[in-house]
Amino acid sequence: MADSLEGPEGAQIRIFVDADACPVKPEVYRVAERYGLKVFVVANAFMQVPRGGLIELVVVAAGPDVADDWIAERAGASDVVITADVPLAARAFRNGASVISPTGKVFDDDSIHMAVATRNLLTDLRSAGAATRGPPPLSRQDLSRFLSALDLAIVRLKRKLEGKA
């Protein structure tokens with residue numbers, strides 16, 4: 001069996017979770033278990049994860065973008081990245097990873113550019129003193145959309161990898 005961090009050469013589908021504020025970790029664990037996929041839960045602090053060989057907690061040093069850097073340096077074309085962080089989504093997408101937000105938004109070539117532009121605009125507005133709201137709470141529709149998007153991403157990657165074999 002290939003090393004779990006080997007990446008595309010080993011033709012394994014892996015899931016990377018930007019975990020510090022991720023509300024869909026339990027759903028990721030269930031989907032990963034169903035498909036037998038390795039999950040890397042990347043966080044700045046210890047958190048509980050299910051025991052077993054498929055789910056690995058990676059605790060990185062505290063600091064801005066340390067968890068993002070860890071994920072972006074490893075995620076590639078046979079991987080799924082779960083994040084609400086737009087800069088990380090853009091980096092992972094550039095590396096060929098399938099990127100999904102916890103609300104089920106799939107980042108593709110068009111949506112990643114729009115998300116980056118929106119994030120930059122909101123950052124500029126906040127720095128000019130405008131009050132902006134955070135994201136709304138996760139709804140049942142968001143959760144359903146997320147599960148569908150994750151399942152579809154995995155099925156597509158499995159087909160792609162089987163085509164190479």
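Mentor: Before we look at packing, take one cut-off: two residues are in contact when heavy atoms lie within 4.5 Å. A second one is that a residue is buried under 20% relative accessible area and exposed over 50%. The model here is predicted.

Trainee: Which elements do the buried residues of H2 pack against?

Mentor: Helix H2 covers residues 66-74, and its buried residues are Ala67, Asp68, Trp70, Ile71 and Ala72. These pack against strands S1 (14-18), S2 (38-43), S3 (55-59) and S4 (79-82), and against helix H3 (86-94).

Trainee: How do the elements run from the N terminus on?

Mentor: The order is β-α-β-β-α-β-α-β-β-α-α, from five helices and six strands. Of the contacts with a separation of 6 or more, 51% are between residues 24 or more positions apart.

Trainee: Why is S2 described as largely enclosed?

Mentor: Six of the six residues of S2 are buried, so the rest of the structure largely encloses the strand. Lys38, Phe40 and Val42 point one way, while Val39, Val41 and Ala43 point the other way. For the protein, the buried share is 39% of 165 residues.

Trainee: How many bridges join S1 to S2, and do they run parallel or antiparallel?

Mentor: S1 and S2 are parallel and joined by five bridges; Asp18 has Val42 in S2 as its bridge partner. S2 and S3 also run parallel, with five bridges between them, and Ala43 stands opposite Val59 in S3. With helix H1 (residues 25-35), S1 and S2 make a right-handed β-α-β unit.

Trainee: How many salt bridges does the count come to?

Mentor: Side chains of opposite charge can pair when their charged atoms come close. The cut-off is a Lys or Arg side-chain nitrogen within 4 Å of an Asp or Glu carboxyl oxygen, and the count by this rule is seven. One of them joins Asp79 to Arg14, with the closest N and O atoms 2.7 Å apart. That pair links distant parts of the chain, Asp79 in strand S4 and Arg14 in strand S1, 65 residues apart. Asp79 is buried because its relative accessibility is 0%, and Arg14 is buried at 0% as well.

Trainee: What is the closest N and O separation between Glu27 and Arg30?

Mentor: That salt bridge has its closest N and O atoms 3.9 Å apart. Both residues lie in helix H1, three residues apart, about one turn of the helix. Glu27 is buried at 11% relative accessible area, whereas Arg30 counts as exposed at 51%.

Notes:
Residues are numbered from 1 along each chain as its sequence is written. This is a predicted model: local features need pLDDT of at least 70, side-chain atom pairs count only at pLDDT 80 or more; totals for chains, interfaces and linings use all residues. Side-chain values use heavy atoms; hydrogens and water are left out. Helices (H or I, at least four residues) and strands (E, at least two) are DSSP runs, numbered from the N terminus. Buried means under 20% relative accessible area, exposed over 50%, partly exposed in between (1.4 Å probe, protein chains only). Two strands pair if DSSP finds at least two bridges between them. A crossover is right-handed if, with the strands pointing away from the viewer, the path from the first strand over the helix to the second runs clockwise.
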